[in-house]
Amino acid sequence: MSKPTPISGFPEWTPAQRMIEQFVLDRIRNTFELYGFAPLETRSVEPLDQLLRKGDTAKEVYVLRRLQADTDGPAGDDSLGLHFDLTVPFARYVLENAGKLQFPFRRYQIQKVWRGERPQEGRYREFLQADIDIVDRDTLPAHYEAEMPLVIGDALRSLPIPAVRIQVNNRKICEGFYRGIGLTDPEAALRAVDKLDKIGPTRVAELLAETAGASEAQAKACLALAEISAPDASFADAVRALGVSDPLLDEGIEELVRVVETAAAHSPGLCVADLRIARGLDYYTGTVYETQMVGYERFGSICSGGRYDNLASSGTVSFPGVGISIGVTRLLGLLFGADELSISRSVPTCVLVAVGSEDERPASNRVAEALRSRGVPTEVSPSAAKFGKQIRYAERRGIPYVWFPGAEGAPDEVKDIRSGEQVAAAAGEWTPARDDLKPLVS
RNA sequence: GUGGCUGUAGCUCAGUUGGCAGAGCACCGGGUUGUGGUCCCGGUUGUCGUGGGUUCAAUUCCCAUCAGUCACCCCA
């Protein structure tokens with residue numbers, strides 16, 4: 001039997017890393033619930049035609065197939081694929097359950113998703129997303145577009161990670177502007193402009209000419225728009241100064257002003273209007289978000305989303321929504337790689353109860369039981385080795401306390417192995433320092 | 001999916017113009033008749049990513065494959 005090897009793009013963390021991940025998920029979930037989002041989990045698979053309904057994500061989708069499936073039999077319409085985000089399944093769920101839901105409906109969803117892309121650092125084929133969305137029936141008030149960044153700002157600020165900056169744009173601004181200057185292929189123009197950071201204005205101008213059929217003057221105007229960035233409503237003046245007029249453009253400006261001003265009022269410095277942000281997914285129709293960590297811009301976006309008006313609709317009813325999603329696995333992978341996240345111990349254990357001899361193990365077990373009953377994570381030493389070795393067992397794992405049951409009626413003692421301080425203690429009363437009860441993530 | 005770079009001990013890396021596989025750290029044992037961390041002494045790390053090929057002989061050369069990473073594509 002040969003040694004098992006990793007599978008490309010399917011990361012597996014160490015227990016210490018998993019504890020960090022669970023810590024992060026707890027904090028995110030807590031923030032989502034603080035804002036009143038209800039929990040939801042959807043199945044891992046969707047009918048293939050649902051998944052492929054939007055965009056050319058086809059090549060990324062993993063298809064589900066039974067090993068013994070009859071390859072000649074009917075497969076077509078009912079074949080299943082693993083979902084590649086949480087928005088499309090959510091839209092499907094809303095349509096399917098509209099009758100049982102109250103609108104506006106706010107939900108969060110933290111689940112694995114799968115994409116068949118070539119992996120590299122911070123990019124995986126199986127990864128966790130933490131997603132919030134709000135959908136309403138027929139119309140969705142614009143103020144929800146301003147609420148999204150506030151939730152995310154609180155969630156990410158509750159984590160021991162670098163500060164974040166949410167970059168916001170509005171598709172209506174781009175599309176209205178492009179229409180206003182006479183460009184016919186706004187999608188192509190968006191894709192070109194999105195590369196501004198990576199390839200610079202000269203190449204973007206060339207790309208605009210090649211792929212979007214832009215004239216020199218049109219390309220110049222697109223670049224001028226894309227270069228606008230401001231932490232407040234002043235971006236609107238800069239856009240108007242470009243002298244393009246279009247009703248959709250005005251609508252977009254109005255909506256983006258509202259997002260930026262709301263963010264500035266509640267959370268100064270969190271959001272910036274950045275008119276180069278485009279987002280790949282084509283179902284976004286209004287506000288779009290991307291999120292960078294300050295000082296770690298090279299990591300790219302760790303959280304993104306936007307408003308979609310047409311994702312969930314059947315017949316005459318439609319459910320416009322807005323959502324945003326934290327790339328938890330990406331975030332962790334990048335920060336692990338940069339050695340920017342650590343935890344104080346590799347196990348949950350707070351106290352190791354020493355065992356004097358195997359005859360005395362029952363006494364140690366009773367101590368552990370008493371501590372656990374009061375919420376102190378406790379394990380009993382694996383063997384009655386020399387105390388030095390038992391202490392080392394704890395030290396290797398970062399367990400802060402070792403408990404020595406008193407022999408022959410003597411009081412028990414507990415030792416903080418970091419300071420070496422050892423004091424008499426009773427298992428029914430002693431409590432560890434607050435910070436020591438659980439592993440500390442930093 | 002396309003192309004480039006990389007793969008030797010748990011970790012960081014040497015090395016072999018093809019001839020029995022190394023260092024530091026970590027780990028284990030002892031010095032220390034049971035309270036660790038310092039120090040001293042000793043020990044083990046290993047299908048040299050995997051599978052083929054060439055060769056008397058391959059960790060070394062060749063091919064394939066897997067994994068990691070970078071760029072493209074796309075995106076969390």
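1. Strand 5 and strand 6 are antiparallel partners joined by 10 bridges, where strands are DSSP E runs of at least two residues, helices are H or I runs of at least four, both numbered from the N terminus, and two strands pair if DSSP finds at least two bridges between them. Within this pairing, Ile 110 has Ala 130 of strand 6 as its bridge partner.

2. The model is a predicted one, in which local features need pLDDT of at least 70 and side-chain atom pairs count only at pLDDT 80 or more, while totals for chains, interfaces and linings use all residues. Residues are numbered from 1 along each chain as its sequence is written, chains are lettered from A and ligands numbered from 1 in the order in which they are written, and side-chain values use heavy atoms, with hydrogens and water left out.

3. Strand 5 (residues 105-114) also pairs with strand 1 (residues 38-39), here in the parallel sense and through 2 bridges, with Pro 39 opposite Tyr 108. Because 8 of its 10 residues are buried, strand 5 is largely enclosed by the rest of the structure; buried means under 20% relative accessible area, exposed over 50% and partly exposed in between, with a 1.4 Å probe and protein chains only.

4. Ser 267 sits in the loop between helix 10 (247-266) and strand 9 (271-274), and it counts as buried because its relative accessibility is 5%. Its side chain makes a polar contact of 2.7 Å with the side chain of Arg 157 (a pair of N or O atoms within 3.5 Å; within protein, one must be able to donate a hydrogen and the other to accept it, and residues adjacent in sequence count only if both atoms are side-chain atoms).

5. RNA strand B is surrounded by 50 residues, the closest being Ser 8, Arg 279, Gly 356, Ala 385 and Ile 417, where near means that a heavy atom of the residue lies within 4 Å. Of the atoms of RNA strand B that come within 4 Å of the protein, sugar and phosphate account for 54%. Helix 13 (387-397) gives the largest share of this surface, with 8 residues.
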